Amino acid sequence: MPSFRALPPSMVRTSTRNRSTGPDASSIHVPVARAMVDCGVYCEGRRLPGKFTHAAALARVRELEADGRPAFVWIGLHEPDEHQMQAVAEVFGLHELAVEDAVHAHQRPKLERYDDTLFLVLKTINYVEHSSIDNAREIVETGEIMVFVGADFVVTVRHGDFSGLAGVRKRMDANPTNCALGPYAVMHAIADHVVDGYLDVTDLVETDIDAMEENIFSPASTTDIEHIYLLKREVVEMRRAVTPLTLALQRIGADHNDLISKEVRRYMRDVLDHNTQAADRIASYDEVLSSLVQAAVGKISMQQNTDMRKISAYVAIAAVPTAMAGIYGMNFDNMPELRWTYGYPAVLLVMFAVCFMLYRTFRRNHWL
């Protein structure tokens, strides 16, 4: 019986290493810094100089609070992956359900409370510039902003390339009085920025609707109902972004008095008024577009009726010479004026006279 000799341990390890094709892709995690747009520490309304990681920023805030100085951290993230968001959630104690929503996005506007943390979802709207509605393929595009607000932190998560908050942060940095109101003042500033964008977009969309309305009721223009459907689809998308936010803003002012100060609630009521105004505009646009669809269908029907009358009139005129030519083309011997010298010109004259009389009649009745 042949004997087998065991391989040395070093050779066994070498063989195992050779079977490996490289590091497991699932074990490679992109650091949080790659998704972090900005991270600022605010103390008594003013931003402290320096750069911080999310963990170091919160530690610095806790040090300031231990000294009796009010402070908070504001972290901005752009489209973080699951690992990056989980790393931030572990530091700030964010609820796993809210973290899942922040990663996967595509949420409707809402407000959720997890213990002493509020989770606010906002839909942003951006107007796509176009020279004419006839050349447009998209009127508005949407994005999302998720806001986690706690006693000493604000974490914003953005989805979309046009939902930046750099302008909001710049205005907050320049206004220490508002920053001194705490993290919920930042939430108000973000909500106010988003809702003001709603009003700006509705103004621009109204211009497109006015142009479409003028085109439909212009007698010399042709009506393309596809453009109305495009506008109506975009208005429906705007309504889905704006209308549900009204309930969330109402809850901020009514259900969370223990978290939000009276001054911030007063500011949030102003945001609610603006959002209601935008929602009312969008509802009116939807009704106008529904009326325009009916008007366009009616105009198309009238155009088709007019075309059918013209076709019928020309067919009636052409039927006269066709009938007379068919009768005299049957080659019978005993036909009226068949042997008459002037029979052929007389038939042509009768054809022309009857066709002319029909043409005058149809013109008088506005068929031609």
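Start at isoleucine 228. Leaving out residues up to four places away in sequence, isoleucine 228 touches Met212, Ile216, Leu289, Leu292, Val293 and Ala296. Contact here means heavy atoms within 4.5 Å. The model is predicted, so local features need pLDDT of at least 70 and side-chain atom pairs pLDDT 80 or more, while totals for chains, interfaces and linings use all residues. Residues are numbered from 1 along each chain as its sequence is written, and side-chain values use heavy atoms, without hydrogens and water.

Isoleucine 228 belongs to the largest nonpolar core, which has 63 residues. Such a core is a set of buried Ala, Val, Leu, Ile, Met, Phe, Trp, Tyr and Cys residues joined through side-chain atoms within 4.5 Å. Buried means under 20% relative accessible area, exposed means over 50%, and partly exposed lies in between (1.4 Å probe, protein chains only). Trp74, Leu120, Ile139, Ile190, Val205 and Ile228 touch the most other members. The elements giving two or more residues to this core are β3 (71–78), β5, β6, α5, α7 (183–216), α8 and α9. Helix α7 supplies the largest share, 16 residues. Helices (H or I, at least four residues) and strands (E, at least two) are DSSP runs, numbered from the N terminus. A second, separate core has 32 residues, including Met36, Val41, Val73 and Leu94.

Now look at valine 205, in helix α7. Its relative accessibility is 1%, so valine 205 counts as buried. Apart from neighbours within four places in sequence, valine 205 is in contact with Tyr127, Ile139, Val140, Val235, Met238 and Tyr285. Tyrosine 285 is 80 residues away along the chain, yet the two C-alpha atoms are separated by 8.8 Å.

Turn to the charged pairs. The whole structure holds 15 salt bridges. Each is a side-chain nitrogen of Lys or Arg within 4 Å of a carboxyl oxygen of Asp or Glu. Lysine 232 and aspartate 286 form one of them, at 2.5 Å from N to O. Lysine 232 sits in helix α8 (residues 225–255) and aspartate 286 in helix α9 (residues 262–328), so this pair ties together parts that are 54 residues apart in sequence. Aspartate 286 is buried, at 15% relative accessible area.

Glutamate 144 pairs with lysine 123, with the closest N and O atoms 3.7 Å apart. Here strand β6 (residues 140–149) carries glutamate 144 and strand β5 (residues 117–127) carries lysine 123, so the bridge joins parts 21 residues apart in sequence. Both glutamate 144 and lysine 123 are buried.

Arginine 47 and aspartate 173 also meet in a salt bridge (3.7 Å, N to O). Arginine 47 lies in strand β2 (residues 46–47) and aspartate 173 in helix α5 (residues 166–173), 126 residues apart. Arginine 47 is partly exposed at 29% relative accessibility, and aspartate 173 is partly exposed at 31%.

Finally, follow helix α9. Helix α9 bends by about 25 degrees at alanine 319, and proline 321 follows within four residues. The bend is the angle between axes fitted to the seven residues ending at a position and the seven starting there.

An unreviewed UniProt entry lists residues 311–330 and 342–362 as "transmembrane region". UniProt positions use the numbering here, feature names are shortened, and annotations may be inferred rather than shown by experiment. Residues 311–330 are 90% helix and 0% strand, with end C-alpha atoms 28 Å apart. Residues 342–362 are 95% helix and 0% strand, with end C-alpha atoms 30 Å apart.
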